[in-house]
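Me: I have a model to read. Please take me through a few of its features, general idea before specific case.

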Amino acid sequence: MDIPIWEAIILGLIQGLTEFLPVSSSGHLELANYFFGIEEPSNLQFTMAVHFATVLSTIVVFWHEIVKLLRGFFRFRMNEETIFILNIIISLVPIAFVGLMFQDSIEGLFTSNIRLVGFMLLITACLLTFANFAKPRSKPVTPVSAFVIGVAQAVAIFPGLSRSGCTISAGLLQGVKREEVSKFSFLMVLVPIIGMNMLEIIKAPAIGSIFSPAVIAGFIAAFISGMVACKWMISLINRGKLIWFAVYCVVVGITSIILSFI
């Protein structure tokens, strides 16, 4: 890992804040890599580290809910907690298929292509706009809605397509109640990101680089900012305040496209 510590902290803050806010963490990291001149795959281990930091921040924020779900699940009864976890498993099917079948193609998308990021941010803005004006309803997450939300997560592999934006929009457009879709969206990402990190650590050519000062600094920055952003986003979803993120995505998306031609 060759980037300076101050750059690592900035990248960590970007990851932590944008992982939970519906503005695409991968897209913002691609923009940061473009402006800092950082090239993949040399930055891959750092990217995985800051993603793992946001997973830990999710666990901290939802700790009581996670413990409740696991206690209910290990009673081995078809209760509310078991149904929720089964729906999480269903939502993982699309991302598992995409990850196994198109891993090399996915990695090829992360080349600091800010024009692609710009167009994907505009799509994110459209989804957020539709979700913002969706009629509030109070349906629970069902196996069908869980699968659709999972498809949205799988599609969001493109840098600039917000994972949280896609999954939350998919849930709200299906009529899932806001409190339920926010918790489901943030918890469903834990397994795939942990799995990707474990695979990356196994095949990492230099384990020492994972524990470099820059990686550690970025990890801490992503963890702290991730907790702040996660709590803030839950509040915003419950209040239905998504339109301003759509406006932000339009501004950044158009700017990225213009800069790509300069």
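Me: How many disulfides does the structure hold?

Reply: A disulfide is a pair of cysteine sulfur atoms within 2.5 Å. The structure holds zero. This is a predicted model: local features need pLDDT of at least 70, side-chain atom pairs count only at pLDDT 80 or more, and totals for chains, interfaces and linings use all residues. Residues are numbered from 1 along each chain as its sequence is written, and side-chain values use heavy atoms, without hydrogens and water.

Me: Is Cys 249 buried or exposed?

Reply: Buried means under 20% relative accessible area, exposed over 50%, partly exposed in between (1.4 Å probe, protein chains only). Cys 249 is buried, at 0%. Cys 230 is also buried, with a relative accessible area of 0%.

Me: How many residues of helix H9 are buried?

Reply: Helices are DSSP runs (H or I, at least four residues), numbered from the N terminus. In H9 (residues 163-173), 10 of the 11 residues are buried, so the rest of the structure largely encloses it. Cys 166 is one of the buried residues.

Me: At what angle do H5 and H10 pack?

Reply: Two packed helices are described by the angle between their axes and the distance between the axes. Axes are lines fitted to C-alpha atoms, for helices over the stretch in contact; angles run from 0 to 180 degrees between N-to-C directions. H5 (residues 80-101) and H10 (residues 178-187) pack at about 55°, with axes 10 Å apart.

Technical notes:
Helix = DSSP H or I, 4+ residues; strand = E, 2+ residues; numbered from the N terminus.
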